[in-house]
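Grab a pencil and have a look at the model first.

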Amino acid sequence: MLKDLPAGTRLPPVRTLLKEYHISLTTFNKAVKHFKDAGRLRAIHGSGIYVDKLPEKIGGEPVEVVNILFFGYRSSLTSEGFIRSLSNLLGLQLSLAGMSATFTLFPPEASLEAVKQKLKKMRPQAVITINMYNPGITQYLRSRGIPYICITPAHPADQEYSLYLDDASIMKQILDYLTKLGHRHICYIHGVSTQWYLRWEHIREREFYRCCTMHNIVPNLNLVRFGNFSPEGSAAAIREILNQGCKFTAVIADDHIVSGVYRELARAGLRIPEDVSVIGINDLELACHLLPPLTTVRNSTEELARLAVAGLVRRIAGETDFTIPPLPVELIVRDSATKCSSIQSG
C-alpha cells in the first residue's frame, strides 16, 4: 500500500486497516515500527500516522527551514479562515518532509524593494509564497537560486511552480446550482479591489458574468458589490442593496465574510433559505456551524498544502520541468440554499 501513497498522505484509521488487510493489532504495530525505523512513516501525536519522505539535498546540505511568505493582513492569520488553516497544514507537511517552517507577513502595500531587503536579511534556503502579488519577487528568488513554490499568487507568476484553485469551476458550479433551483436575481459579494489586483477574484467575477450569460440571465450590476474582505464589509454591501430596493433571491459570498450577509438579512427580516438562498466559497469550518449550515464550494486545503510541499521537494531536488494542474473543487450542499419560489422571484 505504501509504495503507491505520496509523502504527506494520512493513513486510514487503524481499525479500517486491520479489517481491510485481515491482520492483528500486534502485526500492525510491528509493521508501523518497521516503516518508522525505515523513515517511511511518521506518527504525529493527536493527528495520526503519515507517509514520510525526507527531502533531497542541495549542494550536499539538507534544507532544514522553509520560509513561508504570506502577503496579506495579520487578521487573516489570527482569525479562523483559509490562510490560518493553510499555514498550519503547511507546517505539518513540512514537518513530515523533515523540515521546519518560519512564517513572515508582508502587508499588501509593502514595496518590492522592501520585500527584497527583508529576503536578503533572511537568506532563505527555500520559500513558499501565499498570495504573492509581485512577479519581481519570484524573479529575485530565481536569480539567487532559491527553490520556491507559489500558492495562489495574486499576479500571474511562474505557471509551472504555482498552485491554483480551479476558480472558474467554483463560479460555474455555483451558478449551475442556483439556476437549477430557479434563481435569476443573484447578488454577488466579491473581492475585486481597486487598490490591488487579486487574480482569483478577477477570474471569479469574469466567470460570474459568463455563467449568467450562459443561463440567459442579464446581471443586475446593482447586485454586484465589493465586500471589503470582511463580514462588516459584506453586511454593508447587502444593506446598500436593500436600501436601494433591489430584488434578489440568492447571495454568493466567500465563507469568511458570509456571516455579515447572514446578519444583515436577519436584520432586514429575511429568512435563509426561505426568502434568500446563500452560497459560500472555501468550505471553512465555520460553514457547518452557521444557522442554517452553509452550502459552499469546497477546496481541499490539506491537498493544497501537500502538493505545495511535494512540489517544493522536487524543486529542491533540482527538477525544473513539471506543472501542477489546478486543484478541483466541489459544491457541498447544505441547508442555506433552496428552490426559488414565485413569491421570491417577484
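Predicted model: local features only at pLDDT ≥ 70, side-chain atom pairs only at ≥ 80, totals over all residues.

**Exercise 1.** Find which helix gives the most to the lining of the largest pocket.

*Solution.* Start with the terms: a pocket is an open set of points on a 1 Å grid over the protein atoms alone, where a 1.4 Å probe fits, with protein on both sides within 12 Å along at least five of seven lines, and lining residues have an atom within 4 Å of a point. Helices (H or I, at least four residues) and strands (E, at least two) are DSSP runs, numbered from the N terminus. Residues are numbered from 1 along each chain as its sequence is written, and side-chain values use heavy atoms, leaving out hydrogens and water.

**Exercise 2.** Work out how many residues line the largest pocket, and which lie nearest its centre.

*Solution.* The lining has 36 residues, and Ser 76, Ile 83, Asn 131, Phe 229 and His 256 lie nearest the centre. Strand 5 (65-71), helix 3 (75-78), helix 4 (82-96) and helix 8 (199-214) are the elements giving two or more residues.

**Exercise 3.** Describe the protein chain as a whole.

*Solution.* First, count its secondary structure: twelve helices and 15 strands. Next, the C-alpha trace spans about 70 × 60 × 35 Å along its principal axes. Finally, buried residues (under 20% relative accessible area, 1.4 Å probe, protein chains only) make up 49% of the 346 residues.

Key:
Buried < 20%, exposed > 50% of the residue type's maximum accessible area, 1.4 Å probe, protein only.
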